[in-house]
Amino acid sequence: MVETRETEGPRTVLVGVTGGIAAYKSAEIVRSLIKEGLHVHVVMTRNAQEFITPLTLQVLSGNPVWTDTFHLTREQEIGHISLVDRAGLFLVAPATANVLGKVASGVADDLLTTMVCAANRIPVIFAPSMNVNMYENPITQGNIRKLKRLGYGFVEPAEGDLACGYQGVGRLADPQEIVERVLSRLCVKDLAGETILVTAGPTEEAIDPVRFITNPSSGKMGYAIARAAAQRGAKVVLVSGPTGCAPPLDVSLVRVRSAEEMRKAVMKAFPPATVVVMAAAVSDFRPAVRSRHKVKKHDASLTIRMEPTPDILFELGKRKEQRILIGFAAETRSLVKNASEKLAKKNLDLIVANDVSRKEIGFQSDSNQVKLIGKDGNVSALPFLPKRILAHRVLDQIGMLRKKPAKGSRRGG
Ligand code: CTP
């Protein structure tokens with residue numbers, strides 16, 4: 001099932017919270033994991049409860065929080081060891097020097113360290129947070145090295161102002177980065193070996209130094225595809241027009257402005273690509289002449305002569321060879337007919353047809369409802385989905401296209 005792609009295997013994440021000032025940030029981490037559709041169980045040390053209450057994390061996770069207080073009924077019904085066995089991943093955030101030291105030495109003297117000790121069959125990720133001197137202490141560094149050698153994962157702490165008043169490395173990594181690392185670790189790497197070129201966002205075509213023509217594309221769809229592809233193990237290049245989207249982790253981002261700049265960046269990244277997903281809303285026209293100076297309003301009237309921009313995807317279609325090309329079609333009427341014509345004209349394997357006349361979906365929104373049209377004419381209507389899930393649906397098609405190559409074609413490119 002694609003909806004569970006990001007969370008395949010048991011969809012449960014254990015979040016261990018230890019006693020550092022950054023413990024309050026565990027609330028944001030838990031909330032974001034839940035938003036991503038994961039089940040979360042929290043286990044807290046006694047010191048962690050000095051910084052944030054179990055009740056907060058219980059409400060956010062929707063599950064009772066595990067603490068050191070031994071609870072006989074729950075032990076009978078659930079059992080913390082079996083919970084570890086059934087989870088997909090164990091995240092300890094924040095992880096203090098103390099907990100790293102204990103785990104590295106095999107100490108299991110409270111519930112959290114006992115559970116980490118029992119987590120032999122699932123990935124364990126630590127997000128350390130502590131004073132810079134504690135972090136740089138050779139004993140802590142030695143423990144981290146040892147844990148890394150043993151296969152434990154780390155989300156490295158950031159540098160900056162620390163709560164203790166010091167400056168340096170030791171601040172808990174950004175909660176969103178921690179969540180991204182968790183998602184990536186849980187994801188099946190079925191796109192390993194693919195090099196995927198994704199485009200996203202609008203383009204801006206300058207009229208003069210302060211004005212331009214653009215469209216309402218937010219870039220969310222393309223960014224979601226790039227993010228999902230990287231999580232699934234692909235090497236990803238994202239060529240993006242101006243957007244407010246955060247750069248996805250493990251994606252090489254090339255920022256462009258105009259259609260011409262996008263074309264250049266795409267052509268440069270194209271040779272090693274095995275798949276291209278052209279999600280950008282490229283301007284079809286640009287001013288034929290760009291005024292060097294700001295056009296003054298006392299110029300009684302302004303007529304802008306427009307010329308077509310290069311059709312990037314059409315060009316790629318001609319040089320396609322063994323690559324998989326996926327396009328998007330923004331239509332306001334005759335969705336399937338118009339999109340199918342684009343698919344044929346641009347020599348695509350798949351087109352994602354988007355009805356942009358519907359206000360509740362498409363441009364700007366976090367969700368969309370599209371039809372996937374294959375070059376065999378097969379149309380599959382997807383339900384209304386968040387773009388992060390939709391991204392996985394689109395990427396699932398790559399595997400299917402690889403399984404049934406067109407006559408005479410071989411995998412390659
Ligand atoms: N596209 C492109 N270069 C352009 C215009 C569009 O590469 N200059 C790509 C888009 O990224 C998308 C696909 O072509 O993947 C279809 O874009 P769309 O705007 O729906 O269609 P157009 O080909 O521009 O045709 P029209 O605007 O007439 O519908």
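This short talk describes the domains, the ligand shell and a few local features of one protein model.

Good morning. The model is predicted, so local features require pLDDT of at least 70 and side-chain atom pairs count only at pLDDT 80 or more, while totals for chains, interfaces and linings use all residues. Residues are numbered from 1 along each chain as its sequence is written, and side-chain values use heavy atoms, with hydrogens and water left out.

I begin with the domains. The assignment, with bounds from an automatic or database source, gives domain 1 (5-186) and domain 2 (195-403). Their contact, meaning heavy atoms within 4.5 Å, takes 10 residues from domain 1 and eight residues from domain 2. The centres of the two domains, taken over C-alpha atoms, are 38 Å apart. The size of an interface is often given as the accessible area lost when the parts come together. Here domain 1 and domain 2 bury about 910 Å² between them, and 40% of that lies on carbon and sulfur atoms; buried area is the accessible area (1.4 Å probe) lost by two parts on being put together, summed over both.

I turn now to the ligand. Which residues come nearest to it? Of the 16 residues around the ligand (a heavy atom within 4 Å), these are Met278, Ala280, Asp284, Lys342 and Lys346. By class, the shell has nine nonpolar, three polar and four charged residues; Ala, Val, Leu, Ile, Met, Phe, Trp, Tyr, Cys and Pro count as nonpolar, Asp, Glu, Lys and Arg as charged, and the others, Gly among them, as polar. Helix H13 (312-318) and strand E16 (324-331) each supply at least two shell residues, and E16 gives the largest share, four residues. Helices of at least four residues (H or I) and strands of at least two (E) are DSSP runs, numbered from the N terminus.

Next, the polar contacts, that is, pairs of N or O atoms within 3.5 Å; within protein, one must be able to donate a hydrogen and the other to accept it, and residues adjacent in sequence count only if both atoms are side-chain atoms. A polar side-chain atom of Lys342 is 2.7 Å from a ligand oxygen atom. A backbone N or O atom of Leu313 lies 2.8 Å from an oxygen atom of the ligand, and one of Ile312 lies 3.1 Å from a ligand nitrogen atom.

I close with local geometry. Asn215 sits in the loop between strand E10 (211-213) and helix H11 (220-231).

Glu321, in the loop between H13 and E16, has a positive phi near 50 degrees, although the residue is not glycine. Finally, Ala93 and Pro94 are joined by a cis peptide bond with omega about -5 degrees, and Pro94 belongs to strand E3 (residues 89-95).
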